[in-house]
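User: I would like to learn how to read a model of this kind feature by feature, with the general idea first and the particular case after it. Could we work through one together?

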Amino acid sequence: MRVVVDLSACDLHGLCVEAAPDVFEIGDDGVLHVLIETPAEGLRANVERAVRECPTGAISLEE
Amino acid sequence: MLRRIVVVGASLAGLRATETLRARGFDGELTLIGDEPHRPYDRPPLSKQVLQGTWEPEQTMFRRKDGYDALALDMRLGVRATSVDLRARRVILADGTFADYDRLIVATGARARSLSGMAPRAGLLALRGLDDAIALRRELMNVSHVAIVGAGFIGLEVAASCRARGLHVTVIESLPVPLSPALGTTLCEMVAALHRDHGVDLRTGVSVADVSGESRVASVVLSDGSRIDADVVVVGIGVTPNTEWLEGSGLTLDNGIVCNDCGEAAPGVYAAGDVARVANRWHGDSPRIEHWTNAVEQGVHAAENSLAGPASSTSFSSVPYFWSDQYDRKIQFVGRARPHDEMVIVDGSLADRRLTALYRCGNRVVACLAVNQPRALIKYKKLIADCAPWAAALTATAAS
């Protein structure tokens with residue numbers, strides 16, 4: 001599983017950071033960072049939650 | 001053994017419910033019923049990108065047409081559910097057809113309230129659905145003066161979009177400040193100033209006495225006797241939950257569908273989104289919530305519990321979150337504030353219109369409002385979710 005973020009769509013709601021703090025972070029630069037691009041299967045539930053809760057649909061998963 | 005699940009309401013909550021059912025392995029018949037002809041679409045862009053003309057309506061669709069193949073839905077769009085027979089487990093539709101279910105998820109949402117006593121006529125509009133947005137955008141292409149009734153989030157977002165189009169905008173609000181007094185008067189006044197600086201004529205503390213114009217609106221007469229010329233009047237005074245079709249069904253209806261903490265309204269029947277009043281373990285009440293994230297969370301929750309059954313259902317626990325984009329400001333709010341809660345600005349300033357404010361109830365931090373400070377919100381949301389002491393929130397502030 002690979003996490004793909006469309007930064008042009010990201011609106012910094014931060015719901016992904018809450019859902020999967022190991023994977024997403026808003027940096028000091030005010031930009032969303034993907035900390036782990038290919039998370040382990042154990043993080044799948046959190047990452048899927050981040051995908052479905054993103055208000056701008058900016059996150060997608062590639063298998 | 002669950003064979004058939006019916007979801008009534010084809011917007012965000014209903015869509016997320018169907019997606020969750022399939023993701024959790026439900027492979028039986030799944031029916032999605034919606035009274036609009038459109039595939040499920042996203043509402044937040046309607047008052048912004050669509051009205052401003054930067055997005056075409058098609059861009060609000062959650063999935064492309066072929067994106068539904070994987071969900072294998074019996075999607076019935078453009079047809080309204082008219083009643084439900086709980087005993088027979090059957091939803092009856094306006095076209096005379098029906099849909100039988102083992103589990104039912106109701107996500108019929110809400111509709112815009114209209115001004116009482118005002119006859120419908122050309123130029124008098126509300127903004128709730130995609131067709132409303134298309135109609136309003138068409139109107140805005142040919143007018144110069146727009147009056148907006150109601151300075152809630154929708155009214156103010158429409159105001160900002162109309163200003164972006166260079167239109168004259170008057171906003172009429174019966175309360176002394178825009179938005180909600182529960183957010184704190186000083187913050188509401190800051191938002192009022194934001195709009196005035198962008199050229200909006202914001203009239204607070206006055207109500208609409210009349211909308212004049214025979215076949216088409218011409219002006220709005222206010223309770224103080226003043227008259228505002230308007231080519232278009234947009235009414236944004238809240239919504240009414242769509243529950244009439246359930247009257248007499250046996251479900252408990254009281255400003256929405258009353259549910260337990262599992263989102264269940266009756267055995268095998270769940271509700272989610274704007275129409276639902278689900279008991280929320282986080283604060284112990286069951287309010288009706290009209291936020292985007294609430295529709296997602298309750299749609300998912302209803303789907304999971306409908307598969308789990310009563311013995312294995314989970315309680316709903318969620319910290320409400322909403323946002324609003326107006327001009328170059330993003331207002332984010334998390335938690336729950338009530339009119340008597342104390343509000344303290346812990347970072348930034350009113351003058352910069354970039355700030356973080358915390359709300360205190362007793363010795364707890366209960367809410368956070370951030371204007372153009374998205375990181376702060378994430379930090380405080382966790383404390384609010386944990387019902388942290390006020391002192392812990394101030395410590396977090398000092399640490400940042």
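User: Let us begin with chain A: what percentage of the 63 residues in chain A do buried residues make up?

Analyst: Please keep in mind throughout that this is a predicted model. A residue is called buried if 20 or more other C-beta atoms lie within 10 Å of its own, and by that criterion buried residues make up 30% of the 63 residues in chain A.

User: Which elements does chain A contain, and in what order do they run from the N terminus?

Analyst: Chain A has 2 helices and 4 strands, and read from the N terminus these elements follow the order β-α-β-β-α-β. The radius of gyration of chain A is 10 Å, close to the 11 Å that the globule rule gives for 63 residues, so chain A is as compact as a globular protein of that length. Along the principal axes, the C-alpha atoms of chain A fill a box of roughly 30 × 20 × 15 Å. If one takes the contacts in chain A with a separation of 6 or more, 59% of them are between residues 24 or more positions apart.

User: Turning to chain B, which residues of helix H3 are buried?

Analyst: In helix H3 (residues 130-140) of chain B, the buried residues are B:Leu130, B:Ala133, B:Leu136 and B:Leu140. Viewed down the axis of H3(B), these buried residues fall within an arc of 125 degrees, so they line one face of the helix. The face of H3(B) turned away from the buried side carries the exposed residues B:Asp131 and B:Arg138. The cover over the buried residues of H3(B) includes helix H2 (49-52), strand S9 (124-126), helix H4 (153-164) and strand S16 (232-235) of chain B.

User: How should I read a sheet, and in what order do the 5 strands of the open sheet in chain B come?

Analyst: Strands of a sheet pair through backbone hydrogen bonds, and the pairing is either parallel or antiparallel. Here the 5 strands form an open, antiparallel sheet in the order S22-S23-S26-S25-S24 (chain B). Its edge strands are strand S22 (321-326) and strand S24 (342-349) of chain B, each of which pairs on one side only, and the twist averages 15 degrees from one strand to the next. Within this sheet, strand S23 (residues 329-335) and strand S26 (residues 364-371) of chain B pair in the antiparallel sense over 5 bridges, and the bridge partner of B:Gln332 in S26(B) is B:Ala370.

User: What packs on that sheet, and which strands does it touch?

Analyst: Helix H8 (residues 390-399) of chain B packs on the sheet and touches S24, strand S25 (354-361) and S26 of chain B, with its direction making about 35 degrees with that of S26(B).

Key. Residues are numbered from 1 along each chain as its sequence is written. Chains are lettered from A and ligands numbered from 1 in the order in which they are written. This is a predicted model: local features need pLDDT of at least 70, side-chain atom pairs count only at pLDDT 80 or more; totals for chains, interfaces and linings use all residues. A residue is buried if 20 or more other C-beta atoms lie within 10 Å of its own, exposed if 12 or fewer, and partly exposed in between; C-beta atoms are placed from the backbone. The arc is that of the directions from the helix axis to the C-beta atoms. Two residues are in contact if their C-beta atoms, placed from the backbone, lie within 7 Å. Two strands pair if DSSP finds at least two bridges between them. Axes are lines fitted to C-alpha atoms, for helices over the stretch in contact, and angles run from 0 to 180 degrees between N-to-C directions. The radius of gyration is taken over C-alpha atoms; the globule rule is 2.2 Å times the number of residues to the power 0.38.
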